[in-house]
Amino acid sequence: MIYLDNNATTPLDPAVAEKMSQFSKEHFGNPSSLYPIGRKVKDIITEAREVIAKALGAVRTEIIFTASGTESDNFAIRGILDALPEKNEIITSAIEHPAVMNTAGYLEEKGMKVTYVPVDQYGTVDVDFLKKAITSQTALISIMLANNELGTIQPIEKISKIAKERGVLVHTDAVQAFGKIDVNVNKLGVDLLSVSAHKIYGPKGVGALYIRKGTDILPLIYGGHQEREMRAGTENTIGIVGFGEAVRIITEKKDKDKKRIAKLAEQLKQGIKEKIPKVKFNGHEIKRIKGTLNFSFYGLEAEAILLALATKEIYVSTGSACSEGAEEVSHVLEAIGLRPEVARSSIRMSLGRFNTEEDVKTVLEELPEIVRKLREISALDIEED
Ligand code: PLP
């Protein structure tokens, strides 16, 4: 199997699986219990929190565990708006993940004003537009750090500076950036930042929200005293342990992984450009998560390519995993100005820690032939832009 869909999810690192397995055999206590088996689990969670906080340049008390990147995004946006009832506007971008996009949509239905900042052809947000969109009613700016479909990295530092001058809080969805580029909450200047374990070789169903100390925010989930009363519910202890271990490993391996993945992705990118006619590379050439490649194959339906590759046990994506199967065109590809039929011909390949040179070689053998054969039978317009 050649897995090129690491932006959808990553395989669990064997060392993470081992750590979780060991933990689950030895500890079952409730971290809220006051006797030793509970206290021990609380200490283990604290260790994981410490590792994650350190990796983000934060302090432990600024990290709240959640059930996913999606929950972290919801919590950040809704929690801030709940705490600032006198304000009724948020600013986000046209290319956010559905976790932010659909939260914004819900808020719009409730009467909030949401401004969607457009992006250029590479998927970079228009900072001047954003600056002009800020009003005295703006509570929050939520812009992702790296886009899941294109990998394009956003100028969050610049956005934070602008926001600070206007007294507006900034949230960034760093789910795709964490572990792949330097993510430091102080360098970025953000007030809130979302991460998720399953994108960094950790388990599914656990995420975290960084909340800068002193930020006024209300909980999304009410109940017991867990997570400093900011996110009630007995902790996903085994998930948190896995998350901590996954972050420990990315911290250790980051530079090595980053270089290797970038090199493999570049080989794949160049190989596709050389071997396949009429392709278009989507995303920013430089300011991009290097392991994310998005190509349009003129004249084809992406699903046909995906299915043909799957018969060779090569797994790619036609967009974000969450919109897979949806009929409509990717809002991200639409936002960068692709014609609908070009957007529908686009494939995302996202590389990760476990990909090899052999994987790239095999894809470069199989893909050109698949595209050639599909084009022979395709009735679609093959015209390039
Ligand atoms: N934000 C981005 C940018 C993502 O890519 C994803 C997952 O695809 C999420 C949020 C959602 O994370 P989770 O799957 O943990 O809910």
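Begin with helix α3, residues 69–83, which gives the most to the shell around the ligand, contributing 3 residues. Please keep in mind throughout that this is a predicted model.

**Stop 1: the ligand.** Select the ligand together with the 13 residues around it; those that come nearest are T70, D173, Q176, S196 and K199. Colour this shell by class, and it separates into 2 nonpolar, 8 polar and 3 charged residues.

Next, display the side chains that place an N or O atom close to a ligand atom. In the side chain of T70, an N or O atom is 2.6 Å from an oxygen atom of the ligand. For H97, the distance from a side-chain N or O atom to a ligand oxygen atom is 3.2 Å. Taken alone the ligand exposes 390 Å², and the protein buries 91% of that.

**Stop 2: helix α3.** Select residues 69–83 again. Does the length of α3 agree or disagree with what its 15 residues should span? At 1.5 Å a residue, the helix should span 21 Å, and its end C-alpha atoms are 21 Å apart, so the two values agree. Most of α3 is covered, with 12 of its 15 residues buried. Among the buried residues are G69, E71, S72, D73, N74 and F75. Further along the helix, A76, I77, G79, I80, L81 and A83 are buried as well.

**Stop 3: A174.** Move to the loop between β6 (169–173) and α7 (185–188), where A174 lies. Is A174 buried or exposed? Its relative accessible area is 0%; since buried means under 20%, A174 is buried. Now show its surroundings: apart from neighbours within four places in sequence, A174 is in contact with L145, V183, L193, S194 and V195. For a distance to draw in the viewer, select A139: this residue and A174 are 35 residues apart in sequence and 20 Å apart in space, C-alpha to C-alpha.

**Stop 4: S346.** Finally, select strand β12, residues 346–350, in which S346 lies. S346 has a relative accessible area of 1% and is therefore buried. Which backbone oxygen does the side chain of S346 reach at 3.1 Å? That oxygen belongs to A343. A polar atom of the S346 side chain also lies 3.0 Å from the backbone oxygen of V342. Setting aside residues up to four places away in sequence, S346 touches several others, including N282, N294, F295, S296 and A302.

Definitions and conventions:
Residues numbered from 1 in each chain as written. Predicted model: local features only at pLDDT ≥ 70, side-chain atom pairs only at ≥ 80, totals over all residues. Heavy atoms only, no water. Near = heavy atom within 4 Å. Polar contact = N/O pair within 3.5 Å; in protein donor to acceptor, adjacent residues only side chain to side chain. Areas by Shrake-Rupley, 256 points an atom, 1.4 Å probe, with all protein chains shown as cover. Helix = DSSP H or I, 4+ residues; strand = E, 2+ residues; numbered from the N terminus. Nonpolar A, V, L, I, M, F, W, Y, C, P; charged D, E, K, R; others polar. Expected span 1.5 Å × (residues − 1). Buried < 20%, exposed > 50% of the residue type's maximum accessible area, 1.4 Å probe, protein only. Contact = heavy atoms within 4.5 Å.
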